[in-house]
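Hi,

Here is the structure I promised to pass on.

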2 protein chains.
Amino acid sequence: MAKVESVSGGTVTSPSGFSAGATYAGIKKRGKGVLDLGIIYSSEPCTVAAVFTTNRIKSAAVVVNQRTLAKGGTVSAVVANSGCANSSTGEQGIDDAIETTRAAAKSLGIEPEEVLVASTGVIGVPLPMAAIYKGINQVALTADGGHDFERAIMTTDTSPKEVALRVSDSKTRFTIGGVAKGSGMIHPNMATMLVFLTTDAAVSPGFLLDSLRKSVAVSFNMISVDGDTSPSDTVVVLANGKGRNEPIGHGSPLADIFQKALERVCVYLAKAIARDGEGATRLIEVTVKGAATLDEARRAARTIVSSNLVKAAVYGRDPNWGRVTAALGRSEIDLVENKLDVTMAGIPVLEGGRPVAFEREVAVKALGKDTVPIVVDLHLGREKATAWGCDLTEQYVVINSAYTT
Amino acid sequence: MAKVESVSGGTVTSPSGFSAGATYAGIKKRGKGVLDLGIIYSSEPCTVAAVFTTNRIKSAAVVVNQRTLAKGGTVSAVVANSGCANSSTGEQGIDDAIETTRAAAKSLGIEPEEVLVASTGVIGVPLPMAAIYKGINQVALTADGGHDFERAIMTTDTSPKEVALRVSDSKTRFTIGGVAKGSGMIHPNMATMLVFLTTDAAVSPGFLLDSLRKSVAVSFNMISVDGDTSPSDTVVVLANGKGRNEPIGHGSPLADIFQKALERVCVYLAKAIARDGEGATRLIEVTVKGAATLDEARRAARTIVSSNLVKAAVYGRDPNWGRVTAALGRSEIDLVENKLDVTMAGIPVLEGGRPVAFEREVAVKALGKDTVPIVVDLHLGREKATAWGCDLTEQYVVINSAYTT
């Protein structure tokens with residue numbers, strides 16, 4: 001059985017053959033140590049898979065990437081900038097995104113179709129192309145440049161989100177790395193979810209896409225900071241085959257272990273995003289089990305973790321299960337009230353649909369911990385899902401309203 | 001053509017034949033002028049129609065009222081209390097709600113099946129029946145008791161919500177009155193939407209229900225304070241026929257004017273609830289027009305008015321149209337980005353999907369007014385809908401998290 005271990009200081013450049021770098025191109029306001037443009041590069045062409053925002057309004061980068069991926073070729077680089085989302089910018093925006101792929105291709109000696117782009121920042125403002133050109137030519141790619149790349153895409157994030165896992169046995173050794181930036185406000189101070197995943201495993205394109213979709217379903221699709229999706233949301237995985245493994249496809253011996261490892265990387269990054277939601281002080285982890293269908297379990301968990309009232313209660317360390325059941329009740333799932341069990345921070349608060357007496361001080365203390373688990377058992381079936389979010393604080397309102405006042 | 005005029009100081013006792021009253025029964029914490037139990041009574045049996053919460057977890061009052069209405073008889077009274085929601089209270093809760101109808105029926109000399117009940121307040125705590133009995137016997141019914149009734153159902157509301165309209169011409173004279181309590185947190189300090197409407201018009205039961213449903217669709221179903229529905233949400237209309245009008249049914253000459261008047265009463269109360277959302281400083285009025293279908297117009301308007309980011313932007317007087325289009329984009333409606341027009345507080349901010357230059361100071365000033373209209377034109381069809389909500393403030397978080405901290 002292959003061993004899966006976390007790589008100390010792991011990031012997108014942990015897998016073999018990947019380098020990265022970042023620079024201050026002049027898109028964001030200047031400040032000490034500010035980076036606003038980064039590149040990930042693979043020395044070998046990569047199999048690629050991606051999922052993009054479901055928002056009907058898509059940024060230029062998303063539109064251009066979708067066209068690139070539709071051609072079905074390999075990808076060797078990603079160029080990402082913060083400070084400008086290049087969204088609601090019309091045909092000019094599309095042209096600028098294509099021009100960015102050309103400039104990066106020229107600098108890296110590859111084809112424009114091998115370059116993906118990502119932009120996060122102010123909506124409705126054209127990409128400052130002079131800065132983009134300058135930045136692309138300034139970036140120095142290094143074997144541990146993933147950390148700088150991550151810093152170049154951060155916006156309202158308060159901490160970097162990076163991870164890598166290594167899978168190995170006598171015949172196998174590959175690594176999966178990832179970086180992410182978090183979500184919150186969309187404009188003016190940016191925010192969007194961008195996730196870049198790299199691996200040196202050899203993986204078939206079809207399997208890579210399925211594996212990414214499955215992983216996203218249990219990770220990035222199960223987090224909520226404020227319920228708003230951005231026109232730029234993007235998750236990309238690049239696989240360059242520089243590691244040592246039997247090629248992975250549907251049904252191959254390593255398929256399961258690759259899937260599990262990718263899922264772990266995604267869940268790690270998703271939780272990091274949720275914990276670092278704007279103004280957040282705590283991670284909320286809602287598990288709904290005993291559901292009749294997986295879809296219902298997911299919907300119920302997401303509805304509870306997204307409820308402003310639940311989020312405010314966790315902030316106030318209030319064992320207020322009435323808000324949990326109210327959110328559950330409006331999630332449009334099957335439920336039988338007198339079968340419901342609920343625990344908050346490990347404390348049973350509802351059993352068989354009826355309140356359980358508990359020591360308030362004990363509950364308040366438990367709800368004060370960094371991570372607050374809420375578990376709902378519907379006792380109707382065997383399906384189960386977990387969703388992550390953060391508490392709602394005055395600071396969230398301050399961050400998102402303090403633009404002009 | 002009949003004249004429709006607003007009744008000065010109008011409330012549920014404005015229509016003929018209705019009296020009401022309220023008392024301090026001892027359910028809420030005692031305080032100066034606190035009322036916690038109220039009764040509306042009609043001297044004539046009323047045709048009745050109601051809509052209840054869509055939450056899968058329903059309070060005992062909702063369950064008992066639904067049974068009562070299923071029998072199809074007339075109704076003569078409503079007993080409502082604040083301070084205890086009688087929700088998540090199992091069979092005991094049902095028994096207590098039925099016992100309340102019996103006590104009120106006995107006190108009023110009518111049948112228990114002629115009494116509707118409503119409770120708002122803490123979830124998971126049994127109704128204090130001794131206080132309920134005492135309160136019912138204490139209430140004195142008067143011809144202008146609607147104002148006291150309204151005060152007895154208020155919880156976190158900061159102002160009463162009452163209105164009445166009179167419809168008259170040479171042969172017709174009837175009045176529609178209404179009171180409402182607002183929504184916000186569910187437990188512990190209550191909140192739930194309760195709306196009681198009365199009229200002395202003679203109206204057929206089928207028409208009354210259709211007319212109520214149509215009115216609710218454009219009023220109470222188009223407001224959002226925080227997206228959470230309560231197990232107790234209830235809208236009831238009682239029609240006692242004591243006014244002067246040709247009986248109103250489907251297709252009768254007065255059908256339209258009754259429908260319009262009921263709608264106006266409901267929209268007035270719905271806007272009052274939205275404006276008085278917890279912590280709110282402003283009313284947000286989102287109109288989506290040019291939609292392909294009415295359902296899409298409604299969905300889009302509701303999604304925008306419910307967005308935390310839009311709500312926080314309005315609080316901050318931030319003409320941040322990127323948040324409006326981001327919410328629109330995730331509302332799962334048809335849209336064509338380069339057809340989109342958006343105005344905020346009357347100022348064009350997006351035309352044909354592209355940003356419009358505007359004077360920031362002018363926009364900030366306009367967004368500081370009591371009511372902030374946001375208009376989206378999709379330019380795809382002829383359907384239109386308006387939704388109302390309130391801004392998101394630090395005070396909302398304080399109110400909803402300050403229970404134990």
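Before the sheets, one term: two strands count as paired if DSSP finds at least two bridges between them. Helices (H or I, at least four residues) and strands (E, at least two) are DSSP runs, numbered from the N terminus. Bear in mind that this is a predicted model, where local features need pLDDT of at least 70, side-chain atom pairs count only at pLDDT 80 or more, and totals for chains, interfaces and linings use all residues. Residues are numbered from 1 along each chain as its sequence is written, while chains are lettered from A and ligands numbered from 1 in the order in which they are written.

Chain A overall

Chain A has 11 helices and 16 strands. Its radius of gyration (over C-alpha atoms) is 22 Å, close to the 22 Å from the globule rule for 405 residues, so chain A is as compact as a globular protein of that length. That rule is 2.2 Å times the number of residues to the power 0.38. Buried residues (20 or more other C-beta atoms within 10 Å of their own, with C-beta atoms placed from the backbone) make up 60% of the 405 residues in chain A.

The sheet in chain A

Seven strands of chain A form an open sheet with mixed pairing, in the order 9-16-11-15-12-13-14. Strand 9 (223-224) and strand 14 (354-355) of chain A are at the edges with a single partner strand each, so one side of each has no neighbour in the sheet. Strand 9 of chain A runs parallel to strand 16 (residues 383-390) of chain A, and two bridges join them. Ile223(A) has Trp388(A) as its bridge partner in strand 16 of chain A. Helix 6 (residues 255-275) of chain A packs on this sheet, touching strand 9, strand 11 (283-291) and strand 16 of chain A, and its direction makes about 40° with that of strand 16 of chain A. (Touching means C-beta atoms, placed from the backbone, within 7 Å; axes are lines fitted to C-alpha atoms, for helices over the stretch in contact, and angles run from 0 to 180 degrees between N-to-C directions.)

A helix in chain B

Which residues of helix 3 (residues 129-138) of chain B are buried? They are Ile132(B), Gly135(B) and Ile136(B).

Cheers

Definitions and conventions: Buried ≥ 20, exposed ≤ 12 C-beta atoms within 10 Å, placed from the backbone. Contact = placed C-beta atoms within 7 Å.
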